[in-house]
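This briefing concerns the surroundings of a ligand and the interface of two chains. Please read it alongside the sequence and the model.

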Amino acid sequence: MGSRKDPADVLIVGGGTSAGVAAKHLAGAGFKVVCLEQGTWVDPGELPGNKPEYEVLGSKDWHPSPNVRGRREDYPVDTTDADLPVWMYNGVGGSSVLYGGIWARPLPADFRVRTLDGVADDWPIAYDELLPYYQAVEREMSVAGLAGNPAYPPGFEPPLPAAPIHRTGLLMAEGMNRLGWHWWPGTNAIPTESRGHEGKCVRYAICRMGCPEGAKSSTDVTHWRDAESLGAKVITRARVARVTLDERGRANGAVYLRDGREYFQAASMVLMAAGGIGTPRLLLMSASDRFPDGLANSSGLVGKRLMLHPYAVSVGVYDDDLENWLGPAGEHIGSMQFYETDTSRGFVRGAKWSLLPIAGPLEAAEKWTDRSSLSGEELWGEGSADRMKSFVRMLQWHVVPEDLPEETNFVALHPSLTDSDGLPAAKVRYRVSDNTNKIIDFHLARTLEAHEAAGAQKTWIAGRNFMTGHNTGTAKMGDDPATSVVDRFGRAHDVPNLYVIDASVFTTSTGVNPTATICALAKRTATYIASNARELEVAS
Amino acid sequence: MSVPNLPDELGDASRARLAALADVLIPGGSGLPSAGEADVAGPWIERVLGANPDLTGPVSHVLGIDGAPDEVLAKLRSQDREVFDGFAFAVGGAYFMNPAVRRALGYPGVAPRRMPAAEGEAEYYLDDDILGPVVERGSIYREVPA
Ligand SMILES: Cc1cc2nc3c(=O)[nH]c(=O)nc-3n(C[C@H](O)[C@H](O)[C@H](O)COP(=O)(O)OP(=O)(O)OC[C@H]3O[C@@H](n4cnc5c(N)ncnc54)[C@H](O)[C@@H]3O)c2cc1C
Ligand code: SF4
């Protein structure tokens, strides 16, 4: 086995979104940071968005499903027992390379669902405790938006001015005003002015295939380059096989595979940042005599309580050309009108809505061709020309429903399927609950009313159980070691120098896109480590 | 039937067959060309298969079925939706890549292009106090007990 002689102060497993935030912070605080990432850096010149084939490339090499991309670094995720596929990106920057950049903070009530709604669990931390970290990462991620959103408590002032809401947002805003419903200009981690390494958004609207302009705030752009210049070392093409322990049960490094060879990286402290699927997979792969059921799994909850935000889409076709292909994508406007629980609706919790552009004709065609589309007509065949000519006259609402944690929804190790290094693939079991389906039904019905109020000629539900890449909950944060995997700072209850800093720690999924919270939590854990370095446990 | 290297092996006959099948999906009209007129079976299908080689499977599968094009596709649609969807996606991708089609549909350029926001554009859309009613209704979040 090869060995990296220099032990790291902090080893970060996975080089994605949360990892970038922590690496930059800790390298800046003087820690010797090493990161092991199975993928590689993205070359913006290779991104498809400004090529004529862009949408077809988005169906293969740049598809958000690792199973479809099938690159060396994409570990397979078996979703035959899941109601929806699982999305992610594996490379420096992680899933933020392909995310839409919609930047959504949850609300204070999201952290208190047991107290307020009698379901799931309260988070061990409150919105107010996260507030300074939201504010810090919003600066680091160049978040653009308009202050004063009445859906939020004071203290949400995006550092950059909002992007234009465009014709799309204006038309829908007028409809929402007719109904007396909340809407607000979109808040996106997409800079409206050039900043640091980032260019200003030039509105290609293909953010979900990666930004060829280097504008969208993915952490390969916003954090990793700075982290490297501050001394952090990123070893790419390094697939971690297991986290190792010293004789006292402290994490002391990781074994990884690179080009078929096995290496060991020693470290005083280990931060797991392999994502909501990758982290539980690795903890389960790191079973040992001391932890026969998987590392840090005395609660039995590693991999359990997977939440995926099965999102739903409605569309309206309008009279005029709305230039709905103009970015950012990102949301043009958002709505929190029906976000909070109202039990008279027959369910608890709710959903955020985002009005998004439609990046091109193949995405528009999907509004008819998706198997869950209720358009009531075929796209193809007689009359298809008229339907195609309505592509640029469409608006789409995306609904992000809060799915509550259930132990029957989980990530496990696959009994036979393996990745390109022979390590067990992930097996996902996920069913959409009754409560989530009720949220989706209610919200889709309201979005259709919104389309009608905005003047749509025709409206329909274009799909449900779409994937979002919001993979959360599989290493639950909580105060009680018997019912959670990590504590309020992301430290494993069972292993005092092992932290989880990615989306796995979400106690509940909230009804908003998760990246704001992922980054805020990673920043908080990194700050905690940097501020308490002397007292914290390390490997011997 | 599976043709591993379809773009190289598409002879005139298969191209004509592909155009005929594609015309069933996209007959044109209302100012848009049919799939055949838009040369879907020419350079555009090759670009599609180059960009997503996985689509070679369904395209060659459909080309390998004899019969009237509309009947072949109707049967596939009801009996083998996976193949139908792959074929339709490839044909649609080829059609929409043709710059003349893209233009006729109202999309600018041959691919998304730089269109940065103009000075004052964000403010322009918020003129007329369109956010006024939202702000006037006041906060809508639930207070949480300390
Ligand atoms: C298409 C798409 C659109 C999205 N849109 C939005 C949006 O608009 N707004 C929003 O808030 N969120 C959005 N999301 C979700 C968001 O991107 C993710 O929730 C977030 O980026 C996850 O961050 P993370 O740090 O948990 O994991 P990731 O960023 O996924 O990082 C995990 C990293 O770990 C690496 N890794 C895993 N296993 C190993 C191993 N064994 N060895 C070495 N490395 C490993 C992976 O390669 C990856 O780089 C979207 C996601 C997708 C896919
Ligand atoms: S819309 Fe903006 S952020 Fe999105 S891909 Fe284009 S330039 Fe990048």
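This is a predicted model: local features need pLDDT of at least 70, side-chain atom pairs count only at pLDDT 80 or more; totals for chains, interfaces and linings use all residues.

**Extent of the interface**
- Chain B contributes 58 residues and chain A 72 residues to the contact, defined as heavy atoms within 4.5 Å.
- About 5,400 Å² is buried between chain B and chain A, 65% of it from carbon and sulfur atoms; buried area is the accessible area (1.4 Å probe) that two parts lose on being put together, summed over both.
- On the chain B side, B:Tyr107, B:Tyr125 and B:Arg142 lose the most area to chain A, together 14% of what that side buries.

- Nine salt bridges (a side-chain nitrogen of Lys or Arg within 4 Å of a carboxyl oxygen of Asp or Glu) cross the interface of chain B and chain A.
- B:Arg142 also forms a salt bridge with A:Asp117, at 3.0 Å from N to O.

**Basis**
- Residues are numbered from 1 along each chain as its sequence is written, with chains lettered from A and ligands numbered from 1 in the order in which they are written.
- Local features need pLDDT of at least 70, side-chain atom pairs count only at pLDDT 80 or more, and totals for chains, interfaces and linings use all residues, while side-chain values use heavy atoms, without hydrogens and water.
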